[in-house]
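Hello,

I am passing a structure on to you, and I hope you enjoy looking through it. Please open it first, and then read my notes alongside.

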Amino acid sequence: MAESSSTSKSDGEIEEMLDRILTRLALCDDSNLQSLLLKVLPVTISSLSSQAASVRNKVLEILSHVNKRVKHQPHIGLPLLELWNIYLEANSTSMVRNFCIVYIEMAFDRLGPKEKVHMAPMVLANISKLPSQHQDIILRIVTKVIGECHSHEIDDEVAAKYRMLNTSQNQLLFLDFCLHTILYQPYSESDGCPPGLSIAQTKRVTGKNPLNSDELLLRKLGILNVLEVMEPASELVYPIYMIASVDRHDPVVKRGEELLKKKASAADLDDRCLINKLFLLFNGSTGAENTASESRVKPGSIALKGKLMSLFCRSIMAANSFPSTLQCIFGCIYGSVSIFD
């Protein structure tokens, strides 16, 4: 039987409830642990809304026990949907949300493929309402799922869920993260970050662990497949497809070129937002003295610059974009030297 909600209980009653939960966990064998966690983990994390130190300490004791039990048993599932609903509740405290997001990430890794593909677009639907740090975690979770499940194909039902992100801030955040992921390449510590990215953007894409080549290949192919079925405005995906077309992975290059050809005629090359984004990829951050070192974007790769220059030569907006055009010319002549230095 599930423990009752802690919202109307006193701190003493909550602590007694948590004691019972800890006892039940200690006596539960591994074969029954998942079914017990589905009942007690949400109410345990919700109890962190209490201000009593004794209650919070008891919650941490329970979570420590849970972590030790499930760490090396990835087949033991966690209550993802229940934790996500708690996270979204208007009265959830920041501490409750912080712990929810940790276990949401763990729960995603334990889901089967069919469950993952349906949950990923669902959590994206609220991404713009989350704190920036939590946005990054959710975006990394979703792109990981996309790499694992959509590198070859995406079915119509899941595609429809991604299309629901259209014309929203959620979509723009997702596309921005996709662009940074497609830009990402393995790099050495001395480089600081890959071409086209800042150190902060690189950390945002990778989290704590750099992506290996195989993970990166699947993730990029999955992203391109998802973006094709999402059908965003051509100006929004044109930079992503252009970056993919000069990737170091041949399958990504082939897919990027294919999608780029489809969007070439539809993209408005005199769209100011598009041209500004492309100049940022070419020049990197200009006026760098006004930008924190971790946020300074490096100029794109030589191959990407070659593609961009061909496009700039066909755009009236690019020709009239001062001082970006001048910075572009100086970069071609002198290398990556800012005219503002």
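Below is what was found in it.

The model is predicted, so to speak of local features a pLDDT of at least 70 is needed, side-chain atom pairs count only at pLDDT 80 or more, and totals for chains, interfaces and linings use all residues. Residues are numbered from 1 along each chain as its sequence is written, and side-chain values use heavy atoms, with hydrogens and water left out.

Let me start with the largest pocket, which holds about 790 Å³ of space. (A pocket is an open set of points on a 1 Å grid over the protein atoms alone, where a 1.4 Å probe fits, with protein on both sides within 12 Å along at least five of seven lines; lining residues have an atom within 4 Å of a point. The volume is the space filled by probe spheres set on the points.) Its lining has 27 residues, and Glu105, Arg140, Thr206, Gly207 and Lys208 lie nearest the centre. Helix 7 (132-149) is among the helices that supply at least two lining residues, and helix 7 gives the most, with nine. (Helices are DSSP runs of H or I with at least four residues, numbered from the N terminus.) By class, the lining has 10 nonpolar, six polar and 11 charged residues, with Gly counted as polar.

Next, helix 9 (residues 169-183) packs against helix 11 at about 145 degrees, with the axes 10 Å apart. (Axes are lines fitted to C-alpha atoms over the stretch in contact, and angles run from 0 to 180 degrees between N-to-C directions.) Contact, meaning heavy atoms within 4.5 Å, involves residues including Phe174 and Leu175 of helix 9 and Ile223 and Leu227 of helix 11. That contact has 10 nonpolar, two polar and two charged residues.

Two backbone details may also interest you. A cis peptide bond, with omega about 5 degrees, joins Phe322 and Pro323, and Pro323 sits in the loop between helix 16 (316-319) and helix 17 (324-334). Glu231, although not a glycine, has a positive phi of about 55 degrees; Glu231 is in the loop between helix 11 and helix 12 (234-244).

Best wishes
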